[in-house]
Amino acid sequence: MPLISKIIIVIIAILHLYFLWLEMFAWTTKAKKVFRSLPEDLFEKTKVLAANQGLYNGFLAAGLIWSIIIRDNNWSKNVALFFLSCVIIAGIYGYYSTKSKKIFYVQSIPAIIAIILLFI
C-alpha cells in the first residue's frame with residue numbers, strides 16, 4: 001500500500017476516534033459546541049444514542065488501523081477498501097439524512113481520495 005494512502009487512512013482513523021470520543025464521552029459537554037444546530041435540551045435525551053453512534057465510529061477507526069498493520073499487501077488493501085467504503089456510505093447517508101454537505105465533505109471525500117490513492 002502506498003505511503004500516502006497509509007497517511008490518509010491514519011488521518012481518517014484519527015478523525016473517527018475523535019467522533020468516538022465526542023459522541024461517547026463528551027456528548028453533553030463539547031458536542032454542544034460542535035453540533036450547534038441541535039437544540040441544547042436534546043443532548044441529555046440523546047446521550048445513549050450518541051454513545052452507540054460513537055461506538056460504530058470506533059469500529060471504523062479500528063478497521064482502518066487494522067488495514068495499516070496487516071503485512072500482506074493484498075489483504076491490507078482489501079481491508080482498507082472495505083472500511084473506507086463503509087466510511088463513504090456513512091458520509092453519504094449522513095448527508096442524505098441531515099441535508100448537511102459538511103458531513104459528506106468531512107467523511108466521504110477523504111475516504112474517496114484514500115481509495116483512489118490505493119489504486120494508483
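**Close-up views of a predicted model**

View 1. Gln107 is placed in helix H6, which spans residues 101–118 (helices, H or I of at least four residues, and strands, E of at least two, are DSSP runs numbered from the N terminus). The model is a predicted one, in which local features need pLDDT of at least 70 and side-chain atom pairs count only at pLDDT 80 or more, while totals for chains, interfaces and linings use all residues. Residues are numbered from 1 along each chain as its sequence is written, and side-chain values use heavy atoms, with hydrogens and water left out. Gln107 counts as buried because its relative accessibility is 11% (buried means under 20% relative accessible area, exposed over 50% and partly exposed in between, with a 1.4 Å probe and protein chains only). The side chain of Gln107 makes a polar contact of 3.1 Å with the side chain of His16 (a pair of N or O atoms within 3.5 Å; within protein, one must be able to donate a hydrogen and the other to accept it, and residues adjacent in sequence count only if both atoms are side-chain atoms). Leaving aside residues up to four places away in sequence, Gln107 touches His16, Phe19, Asn57, Val87, Ala90 and Gly91, where contact means heavy atoms within 4.5 Å.

**View 2. The nonpolar cores.** The largest nonpolar core holds 20 residues, and those with the most contacts inside it are Ile9, Ile12, Leu64 and Leu84 (a core is a set of buried Ala, Val, Leu, Ile, Met, Phe, Trp, Tyr and Cys residues joined through side-chain atoms within 4.5 Å). Two or more residues of this core come from each of H1, helix H4 (47–69), helix H5 (73–98) and H6, and H5 gives the most, with 6 residues. Leu84 touches Ile9, Ile12, Leu64, Ala111, Ala114, Ile115 and Leu118, again not counting residues up to four places away in sequence. A second, separate core of 6 residues includes Leu22, Ala31, Phe43 and Ala50.

**View 3. Lys99 in the loop between H5 and H6.** Lys99 lies in the loop that runs between H5 and H6, and its phi is near 60 degrees, a positive value in a residue other than glycine. Most residues other than glycine have a negative phi. Lys99 counts as exposed because its relative accessibility is 59%.

**View 4. Leu38 between helices H2 and H3.** Leu38 lies in the loop between helix H2 (31–34) and helix H3 (42–45). With a relative accessible area of 33%, Leu38 is partly exposed.
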